[in-house]
Amino acid sequence: MPGPEQQVPEDGADVIVVGAGPAGSTAAYHLARTGLDVLLLEKSAFPREKVCGDGLTPRAVKQLTDLGIDVSEQAGWLHNRGLRLIVGRRSIEFDWPELSAFPGYGLVRRRADFDELLARRAAAAGARLVERANVAGPLVDERTGRITGVTARLGEEKRPVDYRAPVVVAADGNSTRLSLAMKRYRRTDRAMGVAYRTYITTPRHDDRYLEAWLDLRHPDDPAHRLLPGYAWVFGMGDGTANIGLGVLDTAGIDLDWRDLLRRWCETLPPGYGYTPDAVTEPVRGSALPMGLNRQPHYADGLLLVGDAGGTVSPATGEGIAYAMESGRYAAETIVQALARRTDHGRELALRAYPQALRSAYAGYFALGRLAADLLGRPRLLAAAGAAGFGHPALLKVAFRLMCNLTEPNSKDALDRLLHLIGKVAPGR
């Protein structure tokens, strides 16, 4: 049921946002602060768990500060300096760059706490947050095919209710039943990934670098092949670390990923303190919808944001920053559209949203898809391992590709080159 501070809203709003994850809550915040009547529907009750690495890059930090959230360590955030890349016996630390557009630090925070913080922030800005509102499907104008709202079931008693709005935002994650009901299907030519994680107690819990192990290998293959992905260890600052792995599904590898994570943990150096007894939570996994793989991102009154629109980076599996950015792009588009005087004008404005996503991500995601395609080819992956993927120069390129923090006026030649490639690489 809605919390004690909530009231079940009336059945109408300017905008309905389905899903109060990072994308939905960010969209709801930016919409509500302009004075629009925003209904934010969340199927679960906070706090609630999500499978995630819990590490936030400077891209996400920027979005959080734009929401006016206190990200100081006194407010419960663990700051980190950069990314440590490990291949074999080689370990190199790369600090986050200090750029005009992004801060020079990242953050760590558990998703259950993180998502609730964003949802409450949206509510404080004026969005009407309703928890345990399970959206069953869209309300559609049979004449035009346009979405006019959603039907939902509220609380434990699953009381049916219809909500109506001229614009609806689908922020309901990878499963996105709302998008499927509106015939928005996943593009099968775009990579998908899987991620699995758990938590362990460790003396390295306050490590100031996020850690990525790039030589993730098939444990039972006689050739000990590299897998298209990486493992991570992110210190949480509370005596534990989030430890997990993310792998692309492009190679068609049939493995028990939970078992692989357990076996990989057993190979960690003694200083990490891993034992089976150190594990504090079950291994959980989820799919990673990548590279804008569900389209169109706008049609018939419905905008797709976050995982519902496949905004996870194909290069790294990073999702939170791009989810929040897509939520903001959607909100800015809707604000402009609802200020138009005619239906035609509003529709023209709403159609700008997919272009905003393409302008922001098409080049970088195209590079990520290219990397995903190459990593999905066992022979090329084996050749990369044989060629010494752990060479410092290659690791520097890998770091720059993974963090996606570039600007055209950088003094670093590699930074400028990657920025240029990211802008001109063909998206499709």
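**Exercise 1. A pair within a helix**

Does Arg-263 count as buried, partly exposed or exposed, and what is its relative accessibility? Then describe its link to Asp-259.

*Solution.* The model is predicted.

Step 1. Take the accessibility of Arg-263. The value is 30%. Buried means under 20%, and exposed means over 50%. Arg-263 therefore counts as partly exposed.

Step 2. Turn to Asp-259. Asp-259 also has 30% relative accessibility and counts as partly exposed.

Step 3. Look at the link. Asp-259 and Arg-263 form a salt bridge, with 3.4 Å between the closest N and O atoms.

**Exercise 2. Other salt bridges**

Find how many salt bridges the structure holds. Then set the pair Asp-66 and Lys-62 beside the pair Glu-281 and Arg-110.

*Solution.* Step 1. Start with the total. The structure holds 28 salt bridges. Side chains of opposite charge can pair when their charged atoms come close.

Step 1. Examine Asp-66 and Lys-62. Their closest N and O atoms are 3.0 Å apart. The two residues lie in helix H2 (residues 58-66), four residues apart, so about one helical turn separates them.

Step 2. Asp-66 is partly exposed, at 29% relative accessible area. Lys-62 is partly exposed too, at 26%.

Step 3. Examine Glu-281 and Arg-110. Here the closest N and O atoms are 2.9 Å apart. Glu-281 lies in the loop between helix H5 (257-265) and strand S17 (284-289). Arg-110 lies in the loop between strand S7 (106-108) and helix H3 (111-124). The pair therefore ties together parts that are 171 residues apart in sequence.

Step 4. At 23% relative accessibility, Arg-110 counts as partly exposed.

**Exercise 3. An open sheet**

In what order do the six strands of the open sheet stand?

*Solution.* Step 1. Write down the order. It is S8-S2-S1-S12-S19-S18, with mixed pairing.

Step 1. Pair S1 with S12. Strand S1 (residues 15-18) runs parallel to strand S12 (residues 167-170), with four bridges. Val-15 has Val-167 as its bridge partner in S12. Val-18 stands opposite Ala-170.

Step 2. Pair S1 with S2. These strands also run parallel, joined by four bridges. On this side, Val-15 is partnered by Val-38.

Step 3. Helix H1 (residues 22-32) lies across S1 and strand S2 (38-42), at about 165 degrees to S2. S1, H1 and S2 make a right-handed β-α-β unit.

**Exercise 4. An enclosed strand**

How many of the nine residues of strand S16 are buried? Identify the strands that pair with S16 in the antiparallel sense.

*Solution.* Step 1. Count the buried residues. Nine of the nine residues of S16 (residues 240-248) are buried, so the strand is largely enclosed by the rest of the structure.

Step 1. Sort them by face. One side includes Thr-240 and Leu-248. The other includes Ala-241 and Val-247. Both faces are covered.

Step 2. Take strand S13 (residues 192-201). S13 pairs antiparallel with S16 over nine bridges. In this pairing, Ile-200 stands opposite Ala-241.

Step 3. Take strand S15 (residues 229-235). S15 pairs antiparallel with S16 over seven bridges. Val-233 has Ile-243 as its bridge partner.

Step 4. Inspect the turn. S15 and S16 form a hairpin with four residues between them. In the turn, Gly-237 has a positive phi of about 80 degrees.

**Exercise 5. Another hairpin**

Which residue takes a positive phi in the hairpin of S5 and S6?

*Solution.* Step 1. Strand S5 (residues 82-87) and strand S6 (residues 90-95) run antiparallel, joined by six bridges. The bridge partner of Val-87 in S6 is Arg-90.

Step 1. Go to the turn. Two residues lie between the strands. Gly-88 takes the positive phi, near 60 degrees.

Notes. Residues numbered from 1 in each chain as written. Predicted model: local features only at pLDDT ≥ 70, side-chain atom pairs only at ≥ 80, totals over all residues. Heavy atoms only, no water. Pairing = 2+ DSSP bridges. Contact = heavy atoms within 4.5 Å. Axes fitted to C-alpha atoms, helices over the stretch in contact; angles between N-to-C directions. Right-handed = clockwise from strand over helix to strand, strands pointing away. Salt bridge = Lys/Arg side-chain N within 4 Å of Asp/Glu carboxyl O. Buried < 20%, exposed > 50% of the residue type's maximum accessible area, 1.4 Å probe, protein only.
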